[in-house]
Structure formats: C-alpha cells, structure tokens
Amino acid sequence: MSVLDFTVKSQKGEDVALEQYRGKVLLIVNTATHCGFTPQYNGLEAMYKKFNEKGFEILDFPCNQFAFQAMESDEGINKVCSRKFGTTFPRFKKIKVNGKDADPLYKYLVEQTGGDKIGWNFTKFLIDKEGNIVERFSSKVTPEEIEAKVEELL
C-alpha cells in the first residue's frame, strides 16, 4: 500500500484518486489560514513554482482541529490563500487529521511514520514518485528547509 492508493475529496466534494500523482514528488501538508505558521504558504508557493514543471506537487489539506484556525468554508479558505498568499497548488476539502474521524489518508500517514498524532498545522509529509513516505516534518520545519530533499527526489 502507498499514498497513491487513497482517494480524497476535492474542495467541491468530488473524488480525487491520488494515483493520478504517480511519477510526481509530493508534499502533503495540513494547513490553516489563521495560524502562526500560515506565512509558510509563501514558501510553499515559491517551492511549487520552482519545481512544479519538474514533477512536484503540493497537496494542501486544510484542517480546523487546532485552535479552530481554519474556520472558513472550503471556498473561503481558497479565497484567503489565493488572495493573501497567491497559492496555485491543489487544495482539498477541509479534513480532520487526528482522532476517530481522521481522514483515512492521514490515518495512514501517521501510522506509517511512527504513530505520533499530528501535532499542529503545517505538518508536512514528503512522498516519492511511487507514493512512498520519505520523511515527516514538524510544523516548525519551513518549506525552504525541505527544498533540497525535494530536489533530490526529482
């Protein structure tokens, strides 16, 4: 099993098979629009622009589980991210990343990286071209600190 075996929901609630990302390096991130780490959207977008044409994708999963820092609707989150940070990478439906109602993708990501629950917004998972988890990064690790690892995988 790999990340590519999962299906997630688009912002509009449509099924998106992650298999479509086979052959691409992925960075999966749980995000929030009103968090101390929210400025990381700038670094994420810069990395996306730098590497997207080489086969890199960022998959953004908004989450409101941490101090209610993603309180807007899915559409509202998209507006904030597009207007304030100019993000252009794929954003999916708001999910839960911890607990019994956690999205199955996140249950898998947590299980495969030692079982420690997601600590906060902007936890990142680097995924290779075959859907294997390469590394998990805490919220404090910035996109700029991950860039060299992304480049290696590409």
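Mentor: Contact here means heavy atoms within 4.5 Å. The model under discussion is predicted.

Trainee: Which residues does Asn121 touch, leaving aside those up to four places away in sequence?

Mentor: Asn121 is found in the loop between helix H3 (104–112) and strand E5. With residues up to four places away in sequence left out, the residues that Asn121 touches are Asn30, Thr31, Ala32, Cys35, Phe37, Cys63, Phe66, Gln69 and Ser139.

Trainee: Is Asn121 buried or exposed?

Mentor: Buried means under 20% relative accessible area. The relative accessible area of Asn121 is 0%, so this residue counts as buried.

Trainee: At what distance does the side chain of Asn121 make a polar contact with that of Gln69?

Mentor: Gln69 is one of the residues that Asn121 touches. A polar contact joins the two side chains, Asn121 and Gln69, at 2.8 Å.

Trainee: Which side chain of opposite charge is nearest to Lys124?

Mentor: Lys124 lies in strand E5 (residues 124–127) and is buried without a salt bridge. A salt bridge needs a side-chain nitrogen of Lys or Arg within 4 Å of a carboxyl oxygen of Asp or Glu. The nearest side chain of opposite charge is 7.5 Å away and belongs to Glu145.

Trainee: Which backbone oxygens does the side chain of Lys124 reach?

Mentor: One backbone oxygen, at 2.6 Å from the side chain of Lys124, is that of Phe122. Another, at 2.8 Å, is that of Val141. Val141 is also among the residues that Lys124 touches. The names asked for are Phe122 and Val141.

Trainee: In E6, which residue is the bridge partner of Phe125?

Mentor: E5 and E6 pair in the antiparallel sense over four bridges. In E6, the partner of Phe125 is Arg136.

Trainee: Which residue in the hairpin of E5 and E6 takes a positive phi?

Mentor: This hairpin has five residues between the strands. The positive phi is near 90°, and the residue that takes it is Gly131.

Trainee: Within what arc do the buried residues of H4 fall, seen down the axis?

Mentor: In helix H4 (residues 143–153), Pro143, Ile146 and Val150 are buried. They line one face of the helix, because seen down the axis of H4 they fall within an arc of 60°.

Trainee: Which residues are exposed on the other side of H4?

Mentor: The buried residues of H4 pack against strand E3 (25–31), helix H1 (40–51), strand E4 (56–62), E5 and strand E6 (133–137). On the other side of H4, the exposed residues are Glu144, Glu145 and Glu152.

Trainee: How many residues apart are Glu75 and Lys79?

Mentor: Glu75 and Lys79 form a salt bridge, with the closest N and O atoms 3.2 Å apart. Glu75 is exposed, at 52% relative accessibility, whereas Lys79 is partly exposed, at 38%. Both lie in helix H2 (residues 74–85), and their separation, about one turn of the helix, is four residues.

Trainee: What is the relative accessibility of Asp15, the salt-bridge partner of Lys9?

Mentor: The side chains of Lys9 and Asp15 meet in a salt bridge at 2.6 Å, N to O. Lys9 is partly exposed, with a relative accessible area of 40%. Asp15 counts as exposed, its relative accessibility being 55%.

Trainee: How many salt bridges does the structure hold?

Mentor: Those already discussed include Lys9 with Asp15 and Glu75 with Lys79. For the structure, the number of salt bridges is nine.

Terms used
Residues numbered from 1 in each chain as written. Predicted model: local features only at pLDDT ≥ 70, side-chain atom pairs only at ≥ 80, totals over all residues. Heavy atoms only, no water. Helix = DSSP H or I, 4+ residues; strand = E, 2+ residues; numbered from the N terminus. Buried < 20%, exposed > 50% of the residue type's maximum accessible area, 1.4 Å probe, protein only. Lys, Arg positive; Asp, Glu negative; His and termini not counted. Polar contact = N/O pair within 3.5 Å; in protein donor to acceptor, adjacent residues only side chain to side chain. Arc of directions from axis to C-beta. Pairing = 2+ DSSP bridges.
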